[in-house]
Amino acid sequence: MAHSVDELKARACAAIDERRDTIVGLAREVLATPETGFREERTSQIVARVFGELGLATRAGLAITGVRADVRGGGGDGPTVAVMGELDALGVPDNPHADAQTGAAHACGHNAQIGSMVGAGLGLIASGVLQELAGSVVLFAVPAEEYVEIEYRMDLRRQGKIEFLGGKAELVKVGALDDVDLAMMVHATSRPEEGRVGLRSSNNGMVAKFVRFLGRAAHAGGAPDQGINALNAASLALTAIHHQRETFRDEDHIRVHPILTRGGETVNIVPREATMESFVRGATLDGILDANRKVDRALRGAALAIGAGLEITTLPGYLPLRQEPRLLDLDGHNAARLVAPADIVAVRGGRGGSTDVGDITQIMPALHPYAGGARGQGHGSDYEIIDYETASIVPAKSMAMTIVDLLADGASGARSILAEHRPALTRDAYLKLLRDLGTEQTFDQA
Ligand SMILES: [Zn+2]
């Protein structure tokens with residue numbers, strides 16, 4: 001006899017509670033193994049080991065470090081739902097959990113996601129609930145969400161190891177998500193105003209820039225008139241970019257935040273080369289492209305003023321987040337069974353940051369709520385998860401319950417969402433858009 005949806009949910013949640021120490025232990029093990037994107041070799045092995053312990057067949061090495069395990073429901077054919085957890089850390093050497101050698105630290109809480117992703121799977125598998133669901137669940141540890149170390153990744157691209165600098169775009173390109181119909185992931189947050197469960201929000205999209213100013217070296221004291229100071233061009237460019245800000249419309253949520261990554265070799269040489277990286281973020285693609293044109297104009301104007309050469313590499317970044325409302329409704333109802341109403345923030349509005357789950361939400365129905373449990377500044381020295389119940393266990397349960405809603409009764413819930421959902425982009429159109437966003441411009445010394 002078929003069991004009711006409520007009973008299936010209760011069994012999945014009980015199985016997660018019974019394995020709480022395993023799930024939190026995994027999140028802590030990943031915390032102690034921080035690695036930045038496309039370098040998550042050890043983290044990837046940890047996840048593969050855990051999948052192996054669950055008896056799951058594993059595919060590793062997807063977009064370099066991604067690991068995926070597929071589990072089929074026992075209730076017949078149906079759609080495939082992916083539960084994701086991100087593998088990567090950030091370079092924050094003064095974070096208390098930083099790796100002493102590399103400076104990498106889980107300063108965005110992705111380690112908690114590995115816990116919630118595996119936890120959701122455990123809840124469905126160990127309880128036997130999956131036997132009563134149709135379709136399939138994919139547990140997917142995904143690489144390189146943080147768009148960092150741009151020069152390193154451009155080098156990987158030159159070597160042909162990746163095409164895109166973000167993990168999920170690369171997974172789409174290699175076809176690792178071709179058979180996935182719906183996706184979900186829960187990200188940690190340290191912002192008290194987002195509650196223990198933060199549902200509706202948007203995230204900015206962005207393009208990334210790598211910029212080289214090319215000057216001419218000369219003796220900095222003896223003959224600076226013979227040089228072309230690339231650092232001065234970069235400095236002027238920063239100012240010119242900042243002077244664009246009054247033209248950015250509030251509703252576009254534009255954020256441009258360049259950094260100087262190289263500004264000269266030794267102090268007695270006129271800098272021959274200065275390099276910058278920047279993101280140009282915004283709530284819509286049009287807004288991003290408008291701001292990006294202004295940034296290019298500022299870079300060119302600065303190079304021209306100093307007489308420096310200029311190379312501008314614009315890289316496709318991430319698309320704005322566009323969550324599926326019906327998935328949010330399901331998740332909201334499930335979260336209400338786990339935390340007090342006052343701990344749920346239904347609508348958060350626009351977030352200034354970006355995530356490549358945004359890309360996923362453009363091509364399939366997807367869910368990306370936030371979970372509390374962290375404190376400190378996101379990406380900062382003081383960031384840490386202090387409450388794994390909220391950061392890993394509650395999301396594991398809410399995702400397991402949402403999967404029950406989707407895949408119970410012959411997967412009627414998932415089928416109904418898929419019948420009505422209109423993706424913003426097909427996968428081919430998405431890849432073409434990313435490729436069209438990438439440009440290289442070169443300007444000679446004047
Ligand atoms: Zn993050």
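View 1. Val 81 stands opposite Val 137, a residue of strand 6. Strand 3 (residues 80-86) and strand 6 (residues 136-142) run parallel, and 7 bridges join them. Strands are DSSP runs of E with at least two residues, helices are runs of H or I with at least four, and both are numbered from the N terminus. This is a predicted model: local features need pLDDT of at least 70, side-chain atom pairs count only at pLDDT 80 or more, and totals for chains, interfaces and linings use all residues. Residues are numbered from 1 along each chain as its sequence is written, and side-chain values use heavy atoms, without hydrogens or water.

View 2. The order is 1-2-6-3-7-15, with mixed pairing. Two strands pair if DSSP finds at least two bridges between them. Strand 1 (58-62) and strand 15 (366-367) are the edges: each pairs on one side only.

**View 3. Three residues hold the zinc ion.** Its protein donors are Cys 108 (SG), His 110 (NE2) and His 187 (NE2), at 2.1 to 2.3 Å. Donors are N, O and S atoms within 2.8 Å of the metal (3.2 Å for Na, K and Ca); water is not among the atoms, so sites may look incomplete. In sequence, the donor spacing is C-x1-H-x76-H. Cys 108 lies in the loop between strand 5 (104-105) and helix 4 (110-126), and His 187 in strand 8 (residues 187-188), so the pair ties together parts 79 residues apart in sequence.

**View 4. Cys 108 and His 187 are buried.** Buried means under 20% relative accessible area, exposed over 50%, partly exposed in between (1.4 Å probe, protein chains only). Cys 108 has 11% relative accessibility. His 187 has 7%.
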